[in-house]
Amino acid sequence: MSAPGTGINEALRDELIGHIPNLRAFAVSLCGSVDRADDYVQETLVKAWSNMDSFKEGTNMRAWLFTILRNAFFSDYRKKRREVADVDGQMAAKLASHPEQHGHMDLDDFREALKILPPDQREALILIGASGFSYEEAAEICECAVGTVKSRVNRARNRLAETLSISSSQDFGPDRTSQAAMAIASVGGASRSSGS
Amino acid sequence: MMQERKTASAERPDDDRSGLDERSDKPNLESTLQDFIGNKLRAVYDEVVSEPVPDRFAELLKAMDDVPASDDDVDRSGE
């Protein structure tokens with residue numbers, strides 16, 4: 001329904017601008033660095049603009065933009081993995097050397113924990129848990145099956161629980177139920193105190 | 001310039017947790033854990049969402065506006 005003539009660019013531009021805050025949040029959460037995130041956002045905007053003819057009007061522009069961004073991220077990630085042997089291992093070591101804190105668990109701890117997730121799990125968790133996409137939309141964005149998204153989200157949550165309980169189990173929550181949940185998650189549900 | 005800022009929370013579907021309790025026989029504890037992780041995740045995410053759009057993007061989009069999107073034959077009546 002493109003009206004011929006004027007206003008097309010402006011309308012598209014305004015729509016793009018409207019998506020930038022969410023794109024940035026996705027990129028920052030995905031790659032863990034604001035500077036790199038903004039580079040991905042920029043790359044995404046340029047690609048989107050130059051490929052606007054491949055975008056179907058009336059479909060979900062946000063999902064389309066997220067797809068472009070995650071493809072850029074994973075393309076880089078695969079390249080870097082070939083160059084640096086053990087990206088995840090280094091991240092884990094960095095986290096492990098993080099001085100133990102018994103203060104209030106702040107968001108920095110969570111950000112660090114997020115970083116050591118495998119990126120495909122991190123991506124699924126963000127898309128579902130923060131960006132507000134449905135499992136079906138997330139599956140399209142990641143180009144995988146809906147069941148794969150679900151299992152990645154589950155694994156991401158379990159691994160986060162594990163990581164956070166190691167680094168700051170004291171700070172998990174104000175109540176015992178929360179701590180119990182964390183403890184149970186971290187040992188795979190093996191220990192139980194209730195019942196006979 | 002009108003800027004529409006969609007927050008993630010405004011679009012979050014209610015069935016956020018569908019399929020996530022399947023593997024667990026401890027739904028209450030599991031959901032407490034999910035709430036905890038979900039809250040932290042959204043806090044980290046929404047912090048960025050609520051930041052103002054960096055100038056570089058406004059400048060970029062302005063520059064891109066000089067290049068027609070998609071078709072080369074889009075008619076631009078001058079600035």
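Tutor: One term to start with: buried means under 20% relative accessible area. By that cut-off, both Phe73(A) and Phe74(A) are buried. Keep in mind that this is a predicted model.

Student: OK, and how are the rings of Phe73(A) and Phe74(A) arranged?
Tutor: Their centres lie 5.1 Å apart and the planes are at 85°, over the 60 degrees cut-off, so the pair is edge-to-face.

Student: Where do Phe66(A) and Phe133(A) sit in the chain?
Tutor: Phe66(A) is in helix 3 of chain A, while Phe133(A) is in the loop between helix 6 (119-129) and helix 7 (135-142) of chain A. They are 67 residues apart, so the pair links distant parts of the chain.

Student: Buried or exposed, those two?
Tutor: Both Phe66(A) and Phe133(A) are buried.

Student: Switching to helices. At what angle do helix 2 and helix 3 of chain A cross?
Tutor: Roughly 125°, with the axes coming within 9 Å. Helix 2 covers residues 34-50 and helix 3 covers residues 61-83. That angle makes helix 2 of chain A oblique to helix 3 of chain A.

Student: Left-handed or right-handed crossing?
Tutor: The crossing of helix 2 of chain A and helix 3 of chain A is right-handed.

Student: Which residues meet there?
Tutor: From helix 2 of chain A you have, among them, Arg36(A), Tyr40(A), Glu43(A) and Lys47(A). From helix 3 of chain A, the residues include Trp64(A), Ile68(A), Phe73(A) and Asp76(A). The residues of this contact divide into 9 nonpolar, 1 polar and 5 charged.

Student: Last one, Val34(A). Which helix of chain A is that in?
Tutor: Val34(A) is in helix 2 of chain A. At 42% relative accessibility, Val34(A) counts as partly exposed.

Student: What does Val34(A) touch, leaving aside neighbours within four places in sequence?
Tutor: Arg24(A) and Val28(A). The C-alpha atoms of Val34(A) and Arg24(A) are separated by 8.2 Å, and the two residues are 10 residues apart along the chain.

Notes: Residues numbered from 1 in each chain as written. Chains lettered and ligands numbered in written order. Predicted model: local features only at pLDDT ≥ 70, side-chain atom pairs only at ≥ 80, totals over all residues. Heavy atoms only, no water. Axes fitted to C-alpha atoms, helices over the stretch in contact; angles between N-to-C directions. Helix = DSSP H or I, 4+ residues; strand = E, 2+ residues; numbered from the N terminus. Parallel < 35°, antiparallel > 145°, perpendicular 65-115°, else oblique. Left-handed = near helix turned anticlockwise from the far one by under 90°. Contact = heavy atoms within 4.5 Å. Nonpolar A, V, L, I, M, F, W, Y, C, P; charged D, E, K, R; others polar. Buried < 20%, exposed > 50% of the residue type's maximum accessible area, 1.4 Å probe, protein only. Phe/Tyr/Trp six-rings, centres within 6.5 Å; stacked < 30°, edge-to-face > 60°.
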